[in-house]
Amino acid sequence: MTTHSNDYLKHLHQDLPASIVVFLVALPLCLGVALASGAPLFSGIIAGLVGGLLVSWASGSQLSVSGPAAGLTVIVFEAIETLGGFGGFLLSLVIAGGIQIILGFLKAGVIGAFFPASVIKGMLAAIGLILIIKQIPHATGYDTSFEGDESYMQETAESSFFELTQALEGITPGVTIVSVVALLILIIWETGFIKQFKLLKLIPGPLLAVIWGISFNSLALHFAPEWIITEKHLVSLPELGSTANFINQLRLPDFSYFTNPKIYSVAVTIAIIASLETLLSIEAVDKLDPHKRIAPTNRELKAQGLGNMISGLVGGLPITAVIVRSSANINAGGQTKISSFFHGVLLMVSVLFFAKYLNMIPLACLAAILLQTGYKLAKPALFVEFYRKGWNQFLPFAISIVAILATDLLEGIAVGMACGFFFVLRANFHAAITLTQHGPHYLLRLHKDVSFLNKALLRKYLGEVPDDSDLRIDGAKAQFIDLDILETIADFLLAAPDRGISVEIQGFSVEGVAPSSGH
């Protein structure tokens, strides 16, 4: 279903209110993702602007909203530390965008289908847990090691756990109250009770959390100075006031890093994870779309690649299609790209002219929003759901989580994938041959492809056929039977008369196959 310009006008009355909701959800998330990434807060806003103003038109999806993604915070954090600077990281983001565009032209939009769901869900759950670990110090106003956050999450989760225990000792009361109440607001806002009221449903929870934080702090200024949240625990965006000042805030990548090999491994990681997260979000948005429109995946990869190149060139964070903002758009009644585009316009206006007010937002509110995001990615129900699906789903899921927490995102996913493939092979291995019994009659069926991998299983089944019985070996459904398998059957045929077993073969032949020298 194509959308013409008059369709855009026709839906304006639905798209504009939806864009306001998306903006109110996106603003705290843009700041929050930048905070969690250890990057300048302004870089989160830039990524939101590129996602809204540019990617919304380049994309083939009418309802998905792009912006900085919580799923990439871990990579960005580690990359800035590994490369030793934000400029180097920006260069790797430009390269990552180029890789995504190439993937789009190579029609790699189907790539998402090749990753086992258990591994992808495991990856997202691990990211959720890391978000929670990393945000608790912000939520408690932990005062030490706060210098720009660079020294904050050293290489692995271990050191964060150490930081976490310290964070609980350095609690700032005002900050803790703000984050606890903000979390309660977000939780209550998701309950069925609130959803009954049409008007309340339109107000996004994150907006209320932010309003609460600002109100608390302005009241504390007048009535309880000891509860004040100090400036270093507040958002600090440059007050721009004009387009020229805005342009001065943009940061170029540091091209001197071109010779640094680490740049390229970071770029490949960002390209893969950002593409996967985008494709998953797009799939989810297509399912939620009331008009059931299907977004072209290859075009989406090119659009996101373009967005990431531009975001990297002007000092922004990596962009993906994001499910939280996209579902807020759909729930608020968005119909076309206009709502995503206008949320970008609103972001632009807010940063240009209202930075003074944005700087009143306590970081604790953003931490609460990220804690809730982390919880949604790693909620206990998800672990229960995978446990119920059986070991071949639960183990790749759990191993991916542990591996990511113990190493890093890419290594963890590789371990999860290896585990996932092992279970896929194991399932196919068992499905290739079946043995059933009807009284003294036995039926050994060869399904689809039977290779040397199934030789041990075949021997086991043939060994289970008792003396003095009838066996039918049916290969009619097999598309391919390996020579090893035929030799094993030929061996069995030679020995069968001695055991009084009569064998009938259907659908294939072992004539001309020499029995293996084992007999």
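The model is predicted.

**A helix pair**

Two packed helices are described by the angle between their axes and the distance between the axes. Helix H2 covers residues 12-37, and helix H18 covers residues 363-377.

Which residues of H2 and H18 meet? From H2 come Pro28, Leu29, Leu31, Gly32, Val33, Leu35 and Ala36. From H18 come Leu363, Leu366, Ile369, Leu370 and Thr373. By class, this contact of H2 with H18 has 10 nonpolar residues, two polar ones and no charged ones.

**A buried phenylalanine**

Phe42 sits in helix H3, which spans residues 41-58. Is Phe42 buried or exposed? Its relative accessible area is 6%. Buried means under 20%, so Phe42 is buried.

Leave aside the neighbours within four places in sequence. Phe42 is then in contact with Leu237, Pro238, Leu240, Phe246, Gln249 and Val351. Val235 is another residue to look at. In sequence, Phe42 and Val235 are 193 residues apart. In space, they are 9.8 Å apart, C-alpha to C-alpha.

Lys107 is not a glycine, yet its phi is positive. Asp468 is not a glycine either, and its phi is positive too. The table sets out both residues.

| Residue | Phi | Loop between | Relative accessibility |
|---|---|---|---|
| Lys107 | about 55° | helix H5 (86-105) and helix H6 (117-140) | 58% |
| Asp468 | about 55° | helix H22 (455-464) and strand S6 (470-474) | 62% |

Exposed means over 50% relative accessible area. Lys107, at 58%, therefore counts as exposed. Asp468, at 62%, also counts as exposed.

**The largest pocket**

Rolling a probe the size of a water molecule over the atoms shows where empty space is left. The largest pocket has a volume of about 1500 Å³. How many residues line the largest pocket? The lining has 47 residues. Nearest the pocket's centre lie Ile323, Val324, Arg325, Ser327 and Lys376.

Helix H13, residues 261-288, gives the most to this lining, with seven residues. By class, the lining of the largest pocket has 28 nonpolar, eight polar and 11 charged residues. The contact of H2 with H18, by comparison, has no charged residues.

Conventions:
Residues numbered from 1 in each chain as written. Predicted model: local features only at pLDDT ≥ 70, side-chain atom pairs only at ≥ 80, totals over all residues. Heavy atoms only, no water. Axes fitted to C-alpha atoms, helices over the stretch in contact; angles between N-to-C directions. Helix = DSSP H or I, 4+ residues; strand = E, 2+ residues; numbered from the N terminus. Contact = heavy atoms within 4.5 Å. Nonpolar A, V, L, I, M, F, W, Y, C, P; charged D, E, K, R; others polar. Buried < 20%, exposed > 50% of the residue type's maximum accessible area, 1.4 Å probe, protein only. 1 Å grid on protein atoms, 1.4 Å probe; cavity = no way out; pocket = protein on both sides within 12 Å on 5 of 7 lines; lining within 4 Å. Points joined across faces, edges and corners; volume = space filled by probe spheres on them.
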